[in-house]
Amino acid sequence: MNELDKVYAQNIAKEYLPKPTNKLRQLKKLDNRARRPAFIAAMSIGIAGALIFGTGLSFGLGVLGFGMGAMIAAVVLAAAGLAVCTVNYPLYLRLLEKGKKKYSFEILELAREISESD
């Protein structure tokens, strides 16, 4: 076994060892826990709105249909998709504020401990 194989095996083994928890890592985890629900909801709703809007555009360009019915569907779907995308950012901010409020005490206490220990 050559030296590169040993280094590679050691790097893989390091990934499976339990990591020591320090306060900064805990702070990052809490911050991620506060932000993740808002991010997931915003991405999901944004993707859904973009797909609805894109379907409306496809009807409007004649890719999925033609005639007056397709144009009506295009306008309705594009407007619905645009409405979903427009509501997405305020909803994200509200969910982010809720997550921050939920974890604010723990985050502030941990941040205070970290700043005082220096």
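L57 is partly exposed, at a relative accessible area of 42%. Its place is in helix α2. The model is predicted. Helix α2 spans residues 23–60, and helix α3 spans residues 68–117. The axes of these two helices come within 7 Å of each other.

**Helix packing**

- The axes of α2 and α3 cross at roughly 175°. That angle is over 145°, so α2 counts as roughly antiparallel to α3.
- The contact of α2 with α3 includes 32 nonpolar residues. It also holds nine polar and seven charged residues.

**Nonpolar core**

- The largest nonpolar core has six residues. They are L27, L30, A34, Y103, I107 and L110.
- I107, one of the core residues, touches L27, L30 and D31, with residues up to four places away in sequence left out.

- L57 and A80 lie 23 residues apart in sequence. Their C-alpha atoms are 12 Å apart in space.
- G54 also belongs to helix α2. Its relative accessibility is 26%, so G54 counts as partly exposed.
- G54 and L96 are 42 residues apart along the chain. Their C-alpha atoms are separated by 27 Å.

**Residues of helix α2: F59**

- F59 sits in helix α2. At 21% relative accessibility, F59 is partly exposed. The cut-off for buried is under 20%, so F59 does not count as buried.
- F59 and M71 are 12 residues apart along the chain, and their C-alpha atoms are separated by 6.5 Å.
- Beyond residues up to four places away in sequence, F59 touches L64, G65, A70, A73, A74 and L77.

**I45 and N88, across the two helices**

- I45 is found in helix α2, and N88 is found in helix α3.
- I45 is partly exposed, with 27% relative accessibility. N88 is buried, with 12%.
- Leaving aside neighbours within four places in sequence, I45 is in contact with V84, N88 and L91.
- I45 and L91 are 46 residues apart in sequence. In space, the distance is 9.5 Å, C-alpha to C-alpha.
- N88 touches A41, A42, I45 and G46, again without counting residues up to four places away in sequence.

**Aromatic pair**

- The structure holds one aromatic pair. Its members are Y89 and Y92.
- The ring centres of Y89 and Y92 are 6.3 Å apart. Their planes are at 25°, under the 30° limit, so the pair counts as stacked.
- Y89 and Y92 are three residues apart in helix α3, so about one helical turn separates them.
- Y89 is exposed, with a relative accessible area of 53%. The cut-off for exposed is over 50%, so Y89 passes it.
- Y92 is partly exposed, with a relative accessible area of 23%.

Conventions
Residues numbered from 1 in each chain as written. Predicted model: local features only at pLDDT ≥ 70, side-chain atom pairs only at ≥ 80, totals over all residues. Heavy atoms only, no water. Axes fitted to C-alpha atoms, helices over the stretch in contact; angles between N-to-C directions. Helix = DSSP H or I, 4+ residues; strand = E, 2+ residues; numbered from the N terminus. Parallel < 35°, antiparallel > 145°, perpendicular 65-115°, else oblique. Nonpolar A, V, L, I, M, F, W, Y, C, P; charged D, E, K, R; others polar. Core = buried A, V, L, I, M, F, W, Y, C linked by side-chain atoms within 4.5 Å. Buried < 20%, exposed > 50% of the residue type's maximum accessible area, 1.4 Å probe, protein only. Contact = heavy atoms within 4.5 Å. Phe/Tyr/Trp six-rings, centres within 6.5 Å; stacked < 30°, edge-to-face > 60°.
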